[in-house]
Amino acid sequence: MATSSDNGAPALEARHLTLSWDEGEHVVARDVCLAVGAGEVVCLVGRSGCGKTTILHALSGLTQPLEGRVLLHGEDVTGRPGRVSYMLQKDLLLPSKRILDNVCLPLVIAGTPVHEARAKAEPLFERFGLSGTERMWPSELSGGMRQRAAFLRTYLMGNDVTLLDEPFSALDALTRADMRSWYCGMSRELGMASLAITHDVDEAATMADRIYVLRGDPRSGVPSAIAAEVAVPRPAGNVSAAEFALTPAFLDCKREVLSLLG
Amino acid sequence: MDSHSSEPKAEPTATSAGEKDGASRQEGVAGGERARARERRERRARRRRVAVPTLTVACILAVWQAVVALGIVPNFLLPSPVQVVYALAADASLLAMHSAATLTEAALGLVIGTAVGFVVAVLMDRFQTVSLALDPIVTVSQTIPTVAIAPLLVLWFGYGLAPKVVLVVISTFFPITVSLVGGFRSVDPDLIDLMRTMRASRWQIFWKVKMPAALDQFFSGLRISATYAIVGAVIAEWLGGFSGLGVYMTRVRKSFAYDRMFAVIILISVLSLALMGLVDWLQRIAMPWKRAERKED
C-alpha cells in the first residue's frame, strides 16, 4: 500500500467544493478546501445537519459536487467512486456471510477468486484483533468486534485514504474509546490517510492530528463553510488518549474548537 | 482469540484485545451455568409448546367422538373421528393415486408461479416504470376470487392438467412477488453506497446484497404460496377433471359418504402442512446464518 506520492501532493485534497442537496436547489456547503496527508488522522467537526455526510459523499465520489475538485495524490477523482475507502457508523457487515467472507468482499468484487481472497485476508485477522472469528457469523460478534471486521474489510479495499462517517458512535463509551485509539494507531502505523467526520468535539480532539471546523446551517439557508483549521497539540511519546484528555493543552484545544462552532 | 494475551505489550492492538479476552474468559465460567439454566428453561418451554396444542386437539377429538356416540348429532350427518380414520384406511390406495395427481399440479404450479413471481419482482425492483405499471395489476389480480375464474379456465384449457396449473400459478405468484419486492427494498441504502465505493456492479449488488437480504421475506411468501398451491389445485379439480383430490371430493359428496369427505379434508391439511415443512427445511438449508442469529437472542 503506497504511503505517499512522489509529486508531493497530499493523499486526499478537496479544492473549493460547493455541494448541494436536490441538484443545485439548496446549497449545503460552499468553498470547502481541505487536505489530508499520509499517516495523518484528520477530523471534520460540525453540528448535526451541517452537511458533513454530504461532504464525505462527494469526497468518496458517490456524488458529484456543484463546483470544485477532489484530488487523490494530485489526480482528479471527482465523482469517481472506488478510489477511497468509506466506513460508516453502521458496520454494514452482510448477515449472510461469515466474517472471513465479509472482509473478503472488496477483493471478490474486484474479481479476485474466493480462495485467493481468503488466503490474503486470513493472515490479517490476528493483527486486527479478530483471530478465531473467521468462521463466525456477524450476529455472533460484539459491536466492537464487528467494527474491527468492518475496518479490516475497509483495509482490504486496498486504498490508502479512508473516510469515516462517525464510525464509533454506535458503540458504548468504553468500547468507543478503545476502538478509537486502536483505529488511530492502526491507521498511523499503516501510513493511511484518515478523514473522520464527527459532531463530538472530544472525539475529534482525542483522535485527530488536525481538526477542520465546519460551521453553517444549510437548512435555514446558510451554507456551511470551513471556519478554521485547528492543530491538536498531540504530546510526543506514549501518552494514552485518556491521559491526554486531562491535559491543559487538550482543554485549550477543545475550548477553541467549541468557540469556533459557535 | 487466546493468541492475543501472549503477545508482547508493545503493540497497542494486542494489549487491548488481550485484556478483553481475559474478561470474556471470566464471563465464560459464569456463562456456562447461566447457559445450562437457560437450556433447562428452554426445554421446559419446548415441552409446553408441544403438550398444550396436542392436548387441545385430543380434547376436540374426544368431544367430537362423544357427540356422535351419544347421538347428539345423527351419525349420517357427522361421522365420528374413528369412522374417518377407517375411511382413510379403506380408501388409502385410491387416495394415494388422487394425492399424486393433486401434488403434481400443485408442485408444477408452485414452481412456475415462483419463477414468474421472481422475475416480476426483479423487474419491479430494477425499473421504476415496471413497478408503477404492474403494481395495480398485481394487486387487482388478487381480488379476483379463484372459484370464479376456475370454470373459465376449464372452458379455455379443458379438463386436463393445464387449467389446474394455471390456477395454481395465478394464486401463488402474488405472495412471492410482494415478499421479494419488500425484501429488496428493505436493504439499507448505505449498504448499496458502500458496495458502490467498492465499485460493485449492479449484478454483484443484486446477488451479494439484495437477494440474501430478501430471502427471509421470500420464504414467508413461499410458505403462504405452498398452502395456496394445494387449495388452488383442489378447487380447479373440483370444477372439472378426471383425477385429484378435488375430483374424489365431488364423487364422495355425491354419494353422501361424509366419512370419506372428512378423510379427504384431513388429507389435504396434512399435505399442506408437509409442503410448508418442506419450505421450512429449504429455508434452513438456504439461510444457515439464521440459526446463529436465533441463538444470540
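Residues are numbered from 1 along each chain as its sequence is written, and chains are lettered from A and ligands numbered from 1 in the order in which they are written. Because the model is predicted, local features need pLDDT of at least 70 and side-chain atom pairs count only at pLDDT 80 or more, whereas totals for chains, interfaces and linings use all residues.

Chain B contains eleven helices and zero strands, where helices (H or I, at least four residues) and strands (E, at least two) are DSSP runs numbered from the N terminus. Of its 297 residues, 29% are buried, a residue being buried if 20 or more other C-beta atoms, placed from the backbone, lie within 10 Å of its own. Two residues are in contact if their C-beta atoms, placed from the backbone, lie within 7 Å. Among contacts in chain B with a separation of 6 or more, 71% join residues 24 or more positions apart.

Helices α5 (residues 146–157) and α8 (residues 202–238) of chain B have axes that come within 9 Å and cross at roughly 50°. Axes are lines fitted to C-alpha atoms, for helices over the stretch in contact, and angles run from 0 to 180 degrees between N-to-C directions. α5(B) and α8(B) are therefore oblique to each other; angles under 35 degrees count as roughly parallel, over 145 as roughly antiparallel, 65 to 115 as roughly perpendicular and the rest as oblique. Thr146(B), Val147(B), Ala150(B) and Leu153(B) of α5(B) meet Gly232(B), Ile235(B) and Ala236(B) of α8(B).

In a second pair, the axes of α3 (residues 92–126) and α9 (residues 245–254) of chain B come within 7 Å and cross at roughly 135°, so α3(B) and α9(B) are likewise oblique to each other. The contact involves Leu95(B), His98(B), Ser99(B) and Thr102(B) of α3(B), together with Leu245(B), Val247(B) and Tyr248(B) of α9(B).

Between the chains, the contact takes 29 residues from chain A and 25 residues from chain B. On the side of chain A that touches chain B, β6 (85–87), α2 (99–109), α4 (124–127) and α6 (173–189) each supply at least two residues, and α6(A) gives the largest share, five residues.

Key. Buried ≥ 20, exposed ≤ 12 C-beta atoms within 10 Å, placed from the backbone.
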